[in-house]
Amino acid sequence: MDSDQTVTVAFDIESSRLVQLAPPPQAPPRCPRCRRTGVEQTTRPSNRKGNAGRVYYKCQPCNKFLCFIDHRGNDPSNPPCHCGVSSKTQMAGPEKRISRGLHYVCRLGCCDFYQPYRNGQGQHLTVSSDDLAEHLIKLRIV
């Protein structure tokens with residue numbers, strides 16, 4: 001797929017199955033870089049990425065984001081990360097590109113797993129509409 005092409009994603013909410021979300025981390029994870037224990041933080045209310053007031057773990061010495069401490073994106077059918085647990089679906093922030101790429105990361109924050117979210121044809125799925133991004137956030141898909 002050329003970088004200029006757009007992939008359209010359609011969701012049929014009526015036929016969607018209810019997903020029992022996997023649990024978030026139960027304890028602060030250790031940083032995959034330095035092995036220090038993460039510290040709990042809260043995003044600012046002014047966060048424009050759809051994460052305002054969201055609680056997360058961060059490694060202070062490395063200044064590395066580890067993971068969010070909630071159920072959003074924790075679909076147990078997501079691919080397993082390097083830890084062997086289901087990953088978390090996330091969406092790149094609006095500053096990354098015109099379109100916000102969907103991707104998987106370790107939901108527990110314990111490893112450096114990252115995998116683009118691809119459709120059946122191997123295309124990296126992106127969200128180019130702010131309205132769709134808001135709906136995916138409200139539905140806790142990302």
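Predicted model: local features only at pLDDT ≥ 70, side-chain atom pairs only at ≥ 80, totals over all residues.
Which strand supplies the largest share of the lining of the largest pocket? The answer is E5, with 5 residues.

Residues are numbered from 1 along each chain as its sequence is written, and side-chain values use heavy atoms, with hydrogens and water left out.

Take the sheet. Strands here are DSSP runs of E, at least two residues long, numbered from the N terminus. Two of them pair if DSSP finds at least two bridges between them.

Now the pairings. E1 and E2 run antiparallel and are joined by 4 bridges. Gln41 has Tyr56 in E2 as its bridge partner. Strand E2 (residues 55–59) also pairs with E3 in the antiparallel sense, over 4 bridges. There, Tyr57 stands opposite Cys67 in E3. The hairpin of E2 and E3 has 4 residues between the strands, and Asn63 takes a positive phi near 60° in it. E2 is mostly covered, with 4 of its 5 residues buried. Buried means under 20% relative accessible area, exposed over 50%, and partly exposed in between (1.4 Å probe, protein chains only).

Back to the pocket. A pocket is an open set of points on a 1 Å grid over the protein atoms alone, where a 1.4 Å probe fits, with protein on both sides within 12 Å along at least five of seven lines; lining residues have an atom within 4 Å of a point. The largest pocket has a volume of about 940 Å³. Its lining counts 41 residues, and Lys49, Asn51, Phe65, Phe68 and Gln90 lie nearest its centre. E2, E3, strand E4 (88–91) and strand E5 (100–105) each supply at least two lining residues. The lining divides into 15 nonpolar, 13 polar and 13 charged residues.

Last, the cysteines. A disulfide is a pair of cysteine sulfur atoms within 2.5 Å. By this rule the count is 0. For Cys31, the nearest cysteine sulfur is that of Cys59, 3.8 Å away. Cys31 counts as buried because its relative accessibility is 0%. For Cys111, the nearest cysteine sulfur belongs to Cys83, 3.6 Å away. Cys111, at 14% relative accessibility, therefore counts as buried.

Key: Points joined across faces, edges and corners; volume = space filled by probe spheres on them. Nonpolar A, V, L, I, M, F, W, Y, C, P; charged D, E, K, R; others polar.
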